[in-house]
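Trainee: I am new to this structure. Please show me how to read its features.

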Amino acid sequence: MAKDQMTPIERLTAYSQGKSVDRLPCVPIVGNTAARVIGVKVSELPVSGKLLAEAQIAAYRRFGYDIIRIFTDLYGQAEAMGAAIRYPKDETAYLDQPALADISQIDRLSPADPYRDGNLPHQLEAMKIAVAEVGKEVVVTGALTCPFTNASFLIGAETLTRLVAKNPEAVHRLCRLSLETSLNYAKAIIDIGCTPSLTDPMSSATIISPKKFEEFSYPYLKQLIDYIHSRGKSVTLHICGKTAKIWELMANAGADCISIDNAASLTEAKGKVGNRLRLMGNVKPSEVMLQGSLSDVRLAVLSGVREAYDNPRGYIVASGCSLPTETPFANIAAMLDAVREIGYPITEEKLNYLEQRWSE
């Protein structure tokens, strides 16, 4: 790994203040690929805070990216509320059974205690270890699933979408319960010294309409973000898929940075909300980071930089979503190396020169 001139915290702080930096911030969103870095099975991470911390710290030290995200899967909060999660030996977990078989059972649900329920205590332990070990040089975040998406894991995604039309009050009850769990977890994450990193894939315009997002997701998302802001933390929000029609609402909810999926356009986002929030994204996780060549990775990074380096509120080079577990280490390193070679400040002349060289 090439030696950077600044630590990630120094870089992000200076960049946010409009001061000189050595390069743009860069975050390949490393999830369970971290298991490969230390040679363990994916299923070992959710049940061991020590192992999860070791994996994420080792990945950070190997590649030198700018934010550590403690993350294994999206289901931690739902599992803590009663959902059944399946943990294949060496693959990412998936939802086996929702917490409820029918909405009539909703009175059985209660908000989760992140210090006691499910695997949330292991996640918190990992955050605590990471903060103690590297928190003075790099921001450590904890992945938090937003209320509407968590509600889908409590009742099942198909059932939730039917309830949106047929029983909206039940959806609101599920979201309120999910919000209580989210607030409990956000408090625990912040108390440890971490920053919550918000993920809300079910709120994608690919899945629900912007109108339904505004009715069922937005109110709870805003309350969650308001709380995180009240604790002095900024908010990065990732919603998968096509999100152009809800960018304004994401900004209104208070997001300080939005993580753009590769299905969306950085150029369009810059034009619509770039004066309100920072952009992050959107190198393709599968087509480029998993399957592409080193040249493909470099050119994808350059393309994103060309689109968004002049965003008024700043830009973080990143993958469009969490990296697939089997993403080659060489491709992750190539993303960081490309950002280092592009350097800062950025000029069109240098981008043109590197594009020609990397295309050969």
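Mentor: Start with pairing: two strands pair if DSSP finds at least two bridges between them. Helices (H or I, at least four residues) and strands (E, at least two) are DSSP runs, numbered from the N terminus. Here strand 1 pairs with strand 10 (residues 315-319) in the parallel sense, over two bridges. V27 stands opposite A318 in strand 10.

Mentor: This is a predicted model: local features need pLDDT of at least 70, side-chain atom pairs count only at pLDDT 80 or more, and totals for chains, interfaces and linings use all residues. Residues are numbered from 1 along each chain as its sequence is written, and side-chain values use heavy atoms, leaving out hydrogens and water.

Trainee: In what order do the eight strands of the open sheet run?

Mentor: The order is 1-10-9-8-7-6-5-2, with parallel pairing. Strand 1 (26-27) and strand 2 (67-70) stand at the edges, each with a single partner strand, so one side of each has no neighbour in the sheet.

Trainee: How are two packed helices described?

Mentor: By the angle between their axes and the distance between the axes. Axes are lines fitted to C-alpha atoms, for helices over the stretch in contact, and angles run from 0 to 180 degrees between N-to-C directions. Take helix 3 (residues 49-63) and helix 5 (residues 120-134): their axes come within 7 Å and cross at roughly 45°.

Trainee: Which residues make the contact?

Mentor: Contact means heavy atoms within 4.5 Å. Helix 3 gives G49, K50, L52, A53, I57, Y60 and R61. Helix 5 gives H122, Q123, E125, A126, I129, A130, E133 and V134.
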